[in-house]
Amino acid sequence: MAKNFLNVSCKDCSNETTIFSRATSVISCGVCGATLTSPSGGKADLIGCTVVEALE
Ligand SMILES: [Zn+2]
């Protein structure tokens with residue numbers, strides 16, 4: 001079973017946020033506005049953040 005949610009940390013400002021692992025839209029950092037993920041092949045492609053923890 002794939003994890004549905006990821007706790008990620010912004011590479012630019014280290015702000016942590018929870019995202020849906022199959023997000024179909026671009027998600028931006030709520031603090032600095034950096035692009036965190038972009039949709040790729042049905043799952044979120046993490047381009048501006050690193051995974052802190054995978055949530056059930
Ligand atoms: Zn940020």
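## Terms and model

Two strands count as paired if DSSP finds at least two bridges between them. Strands themselves are DSSP runs (E, at least two residues) and helices are runs of H or I with at least four residues, both numbered from the N terminus.

This is a predicted model, in which local features need pLDDT of at least 70 and side-chain atom pairs count only at pLDDT 80 or more, while totals for chains, interfaces and linings use all residues. Residues are numbered from 1 along each chain as its sequence is written.

## Overall layout

The C-alpha trace spans about 30 × 20 × 15 Å along its principal axes.

Of the 56 residues, 16% count as buried, where buried means 20 or more other C-beta atoms within 10 Å of a residue's own, exposed means 12 or fewer, and partly exposed lies in between, with C-beta atoms placed from the backbone. Contacts are pairs of residues whose C-beta atoms, placed from the backbone, lie within 7 Å. Among contacts between residues at least 6 apart in sequence, 32% join residues at least 24 apart.

Six bridges link β1 and β6 in the antiparallel sense. Within this pairing, F5 stands opposite L55 in β6.

## Sheet β3-β4-β5

The order β3-β4-β5 describes another open sheet of three strands, again with antiparallel pairing. Strands β3 (27-28) and β5 (43-46) stand at the edges with a single partner strand each, so one side of each is left without a neighbour in the sheet.

Strand β4 (residues 35-40) is joined to β5 by four bridges, and the two run antiparallel. T37 stands opposite L46 in β5, and S38 stands opposite D45 in β5. β4 and β5 form a hairpin with two residues between them, and G41 in the turn has a positive phi of about 60°. G41 has 6 C-beta neighbours inside 10 Å and therefore counts as exposed. The C-alpha atoms of G41 and F20, 21 residues apart along the chain, are separated by 14 Å.

## Nonpolar core

A nonpolar core is a set of buried Ala, Val, Leu, Ile, Met, Phe, Trp, Tyr and Cys residues joined through C-beta atoms within 7 Å. The largest one has seven residues: L6, V8, C10, I27, C29, L36 and C49. Strand β1 (residues 5-10) supplies the largest share of this core, three residues.

Leaving out residues up to four places away in sequence, C29 touches C10, D12, C13, N15, A34 and L36.

Technical notes
Two residues are in contact if their C-beta atoms, placed from the backbone, lie within 7 Å.
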